[in-house]
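Here's a walk through how some parts of this model pack together. Have a look at the structure first, then read on.

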Amino acid sequence: MPREGILVNNPLERISREQVQQIHDASIEILKDPGLLCFNRKAAEIFKTNGAEVKAVTGSETACWHVKIPERLVAEALDSTPKTVKLGARNPDNTLVMKGDEPRVFFITGSETNIWLDVDFPTYASKSDPSREIKLPEFHPRRGTVANLCDSAHVCEHLETVDGYIRTVNIQDKDITEDNKDVNKFFASLNNTTKHVMSGLTSLKQLDNVVKMAELIAGGKENLKENPIISFITCLVKSPLQFVDDTTESFIEICRRGLPVVVSSAPQAGTSAPIKEAGIMAQINAEVLAGITLSQLVNKGTPVLYGSVPVRARMDTLSDSYGSVETSQYNIDCVQIARFYKIPNYSTSGVCDTKIPGQQSSIERLFSDIMVTLSGPQFLHCAFGLLDGNSVFSLLQAVLDDAHFKMIKFFLKSPRINEPELDEITRQIRDVMATPRKMFINYIRPVMRTGEISVSYPFEGDGESDDVLALAYERLQELLAKPVEHIDPDTTSEIFKEVPGLLPRLNVYEKGSKS
Amino acid sequence: MSEDILSMIKENVIQGRKTQGDIGIDESLSGTPGVLELTEQALKEDISPESIIKQALTAGMQVVGEKFSTKEYFIPDMLASADAVGAAMDILKPLLEGSQIETKGKFVIATVKGDIHDIGKNIVAILLKGAGYDVNDMGTDVPEDRIVTVIREENPDYLGLSALLTTTMTEMGVIIKSLEENSLRDKVRVLIGGAAVSDDYAREIGADAFCADGFQAIKVLETFETS
């Protein structure tokens, strides 16, 4: 049985169907004129062969083509794009089945941050009364390592609301190079979680090694096709409207192998896209449609997700303002647009502007987590543990986020109102009204342990002190102490034999390994 | 045989099953006798009230208290168990005269005049009864003169006053003053509770203690007993 996710009844819609159609029409116009700048020769040739207007740009330092995509190509691509995408997993119970017209939400981690945030809780004494002590969190940012990635996948395996795993931290160990980064990040992730694993590619040269590793785990080429335990995310389009050379090259090769891939675009309203909502929507949709069109021209039927990461610029720094209200508006618009095409949507929430776990991070992320979830994206890349945009990853924050999503999932349960229920309640009310105390407490107990009543916030302190972070830290330690189902010894041995570049310390069956 | 029935009463206290119709946590007990039926059966079998109280009711409540402190149980569980024990005590109380067992004390409780809110007061009453106090619950919107009369006539050890509203909390001070005027204040300890009141307010009006909830009330009463 695949994971259930949470089905959103009556999903939130900000824009009307007519407005979605208007955005689509505007995107088609944009693809026709001005079209896109394409810095990848292969893509330019594919578009040209299939009838797009492709002209080399003269005077450019790097090879570049101007590609104008006709509506026909987009329509054909939308037609052949699968409307259901299956993301497999080492444990088949963790499979994700995403239907483009069904607002069933799955919560997935990511993105890749450079900074790992350690935390400890030193004790401070009051200056006026040294007998009064208080423990306060102290955060220590440092560069992420492959051991951190293992810990992150390990904890996310045990976080109930995490449905799938996108690597959360960029591995920057001294022995990690461009040539071995991909195999190590995929192995560290796959070996520490039985959930679906998605990642970007650092080097196209590593694609076949990564696929080989996945085939060994899945039990062969055909099995991997049936149970795609890995998928990829590519930012092939740089806003505004430019196919980047290397990521487009990777995208084409992933499509050729038929593995699921996210066509992602991340324009910033105000700098790389118009500041107005209509403008950034028309542009991001054009960018994603261009990617989807390319995917289907490369390999008809390639499973793709409509990837949208729109964001507004901060007015004080012109950096990404993920915590801004408009960012949630853009994301919800994109969910509606993807549903219009019946293509599963990869949406974004929970990214915040603050640098450490605390009140601001909770407020910013909860706002977008609630709003975007209510709109019903299929693949909600909801930034478990991310801070400072997508620069910092904190396991402590990931544990806090899990509690948030439990609340959101509970809120989205289907209403339990029906005739038998109301008949029973009427009887209950009559019974209680006949008693002297007129209290319903006795009726709580039969439902108290069935999951029908939401649980209290798990990090509530005693008395009036705010112990949220300390209690979440205790929970984190419990999760780290729980065992993880690693890849079995024989497969691990085969992977280390067949796939070059893996760090020996990642082999948990070898003495001295560190995982 | 007597040990069997006592352990069944204890188990039903832990399950919070007052009567046969109640549902406990263990569904397999559904339809079997609860604390009330088992207590009556125990008496028919000539088991002493003292044994029932000590080996079944108190022992059961002790387990419930432990489960509550480890967060396995919640307040509804605690209330169900306390309610079952309280109901059993109503049967056993008339039989206790001349025995070594005494209640922990008499407790009169009321929501003050002008206030009809009673959820908290009811919970406190159930918990106190389950903890072994002889509770007289006077109900809600109780005027000062009725409370003074009951204190004079019943001579309780404790008086619990409840108020939810800032507009009715002042009635607590009126009652304490009236107890003083009637030379009753030093005969009864006054505990106050409710969302509107606090430690500071208890001191201000001359109450003996403020209790945030029923559990704190039991703790406060225990400190009174040992002081």
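Nine residues of chain B and eight residues of chain A make up the contact, where two residues count as touching if their C-beta atoms, placed from the backbone, lie within 7 Å. On the chain B side, helix 4 (75-92) and helix 5 (119-130) are the elements that give two or more residues; helices here are DSSP runs (H or I, at least four residues), numbered from the N terminus. Helix 4 of chain B gives the most, with four residues.

A note on the model: it's predicted, so local features need pLDDT of at least 70 and side-chain atom pairs count only at pLDDT 80 or more, while totals for chains, interfaces and linings use all residues. Residues are numbered from 1 along each chain as its sequence is written, with chains lettered from A and ligands numbered from 1 in the order in which they are written.

Now stay in chain B. Helix 6 (residues 144-154) packs on helix 7 (residues 170-181) at about 40°, axes 10 Å apart; axes are lines fitted to C-alpha atoms over the stretch in contact, and angles run from 0 to 180 degrees between N-to-C directions. That makes helix 6 of chain B and helix 7 of chain B oblique to each other (under 35 degrees is roughly parallel, over 145 roughly antiparallel, 65 to 115 roughly perpendicular, the rest oblique). Among the residues in this contact are Ile147(B) and Ile151(B) from helix 6 and Val174(B) and Leu179(B) from helix 7.

Over in chain A, helix 4 (residues 146-158) meets helix 15 (residues 468-481) at about 100°, axes 9 Å apart, so the two are roughly perpendicular. Helix 4 of chain A brings Asp151(A), His154(A), Val155(A) and His158(A), and helix 15 of chain A answers with Leu476(A), Leu479(A) and Leu480(A).
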